Amino acid sequence: MSSEQTTTGPEAEPTPSSEPTPAAEAVAEPAPAAEPAPAAEAVTEPAPLPEPAPSPDVAPEPVPVPETVPVPAAAPSSEASPWAAPPAPPKDRRALRAALRWTAAVAVFAAVGAGVAYGITVPERTDIPGLSTEGDGRWTFPQLSQPALPAGAPLPQGPDNKDGTHYAQLTGLLLPAPQGAKADDAVKADKDGTVPVDSFLEEYAPEAREKLKTSLEWDGLRQIVGRGWTTPDGTRTRVYLLRFHSSGFVDAFKGCDTNAQLNGVSALDLDDVWSKAKNTQMNSTTLDFPGAANFDGTDLSVYQEMKPVTGEEQTKVGCLRTGDVLGMVIQSRKGDVAPVPFHQTVIMQSQLLG
């Protein structure tokens with residue numbers, strides 16, 4: 001009968017001994033068959049076994065290695081464990097990297113901002129919404145708005161106003177002066193903007209005034225308003241609005257056509273610049289005859305002084321007939337009248353009347 005032994009160390013064969021131990025004698029002597037000895041008594045107090053000799057074929061149990069062994073950054077070692085974490089960068093290097101990242105970000109935003117500014121200043125103004133006016137000498141006018149109508153009054157171009165009568169206050173339909181302009185006393189208007197007939201007739205040659213005055217008295221003139229200004233380039237502008245009793249009297253007035261005898265002007269002819277540009281600027285407008293156009297319900301004619309001009313100034317005239325109102329835009333300038341601001345003034349006054 002063999003005995004079972006449990007040990008914590010590795011099992012090894014015991015060395016044979018010449019002298020039997022008490023345990024060995026107990027194991028060797030057969031027990032009576034009727035009453036066998038319990039197996040537990042044979043192993044309750046086993047004799048101490050000799051320590052087994054280390055066998056060269058059995059490798060020693062490996063010693064567990066810590067998961068992470070931090071290595072001081074100041075003293076790196078070439079024999080460091082391969083499982084050790086990489087040394088942490090110094091604080092000053094982390095701050096340097098952060099500063100470099102922020103510097104790069106600022107540089108990117110600065111480059112983008114510079115690109116946007118370059119894109120706004122370089123292309124043509126017509127390519128940018130809100131900046132469609134080219135730098136071609138146009139004037140900057142205040143925001144235009146038509147005056148309020150009396151209660152129940154129709155619009156000048158309304159379907160229930162066949163004659164195109166203007167019921168709004170006439171001075172409210174007068175074009176304001178552009179920015180940077182100074183008031184011109186050549187237009188002798190009262191405090192309410194009304195211009196006396198004799199003051200208006202000073203725009204004509206002395207020999208033509210008497211006939212025009214009689215025509216205005218018999219052709220149903222009701223009121224004349226006017227405004228004048230001078231811009232820094234020396235251009236003098238006078239704008240007049242003449243209100244008649246009906247549109248028929250407007251057509252009968254002969255003081256705004258090629259035969260008009262303006263003061264200091266030899267003769268008038270069609271504005272050649274206007275005639276060349278009208279097909280592109282007014283391609284949707286019905287043209288009645290060269291130099292005239294039905295612009296938003298306004299019969300518009302543009303004339304210029306024929307060359308050689310009389311004196312040092314050139315004069316251009318715009319005539320606008322809409323309903324019961326006749327508008328006149330007169331510009332004079334030493335040398336030549338710039339076509340762009342002149343046409344701009346004529347069109348904007350036409351829009352107010354329409």
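Modeller: Let's start with a term: a disulfide is a pair of cysteine sulfur atoms within 2.5 Å. Please keep in mind that this is a predicted model, where local features need pLDDT of at least 70, side-chain atom pairs count only at pLDDT 80 or more, and totals for chains, interfaces and linings use all residues. Residues are numbered from 1 along each chain as its sequence is written, and side-chain values use heavy atoms, with hydrogens and water left out.

Colleague: Thanks! Which residues form a disulfide here, and how far apart are their sulfur atoms?

Modeller: Cys256 and Cys319 do, with 1.7 Å between their sulfur atoms. The structure holds one disulfide.

Colleague: And where in the chain are Cys256 and Cys319?

Modeller: Cys256 is in the loop between helix 6 (247–252) and strand 4 (268–270), while Cys319 is in strand 8. The pair links distant parts of the chain, 63 residues apart. Helices (H or I, at least four residues) and strands (E, at least two) are DSSP runs, numbered from the N terminus.

Colleague: Is the disulfide left-handed or right-handed?

Modeller: Left-handed, because the torsion about the S-S bond of Cys256 and Cys319 is about -90°.

Colleague: Is Cys256 buried or exposed?

Modeller: Buried, with a relative accessible area of 1%. Buried means under 20% relative accessible area, exposed over 50%, and partly exposed in between (1.4 Å probe, protein chains only).

Colleague: New topic: how many aromatic pairs are there?

Modeller: A search of the whole structure finds five. Rings of Phe, Tyr and Trp (its six-membered ring) pair if their centres lie within 6.5 Å; planes under 30 degrees apart count as stacked, over 60 as edge-to-face and the rest as tilted. The Phe200 and Tyr204 rings are edge-to-face, because their planes are at 70°, and their centres are 5.7 Å apart.

Colleague: What about Trp139 and Phe141?

Modeller: That pair is tilted, because the planes are at 55°, with the ring centres 6.3 Å apart.

Colleague: Which residues touch the most other members of the largest nonpolar core?

Modeller: Phe200, Tyr204, Tyr240 and Leu242, out of 25 residues. Such a core is a set of buried Ala, Val, Leu, Ile, Met, Phe, Trp, Tyr and Cys residues joined through side-chain atoms within 4.5 Å. Among the elements giving it two or more residues are helix 5 (206–218) and strand 2 (221–230).

Colleague: Nice. What is Leu242 in contact with?

Modeller: Leaving aside neighbours within four places in sequence, its contacts (heavy atoms within 4.5 Å) include Phe200, Leu216 and Ile224.
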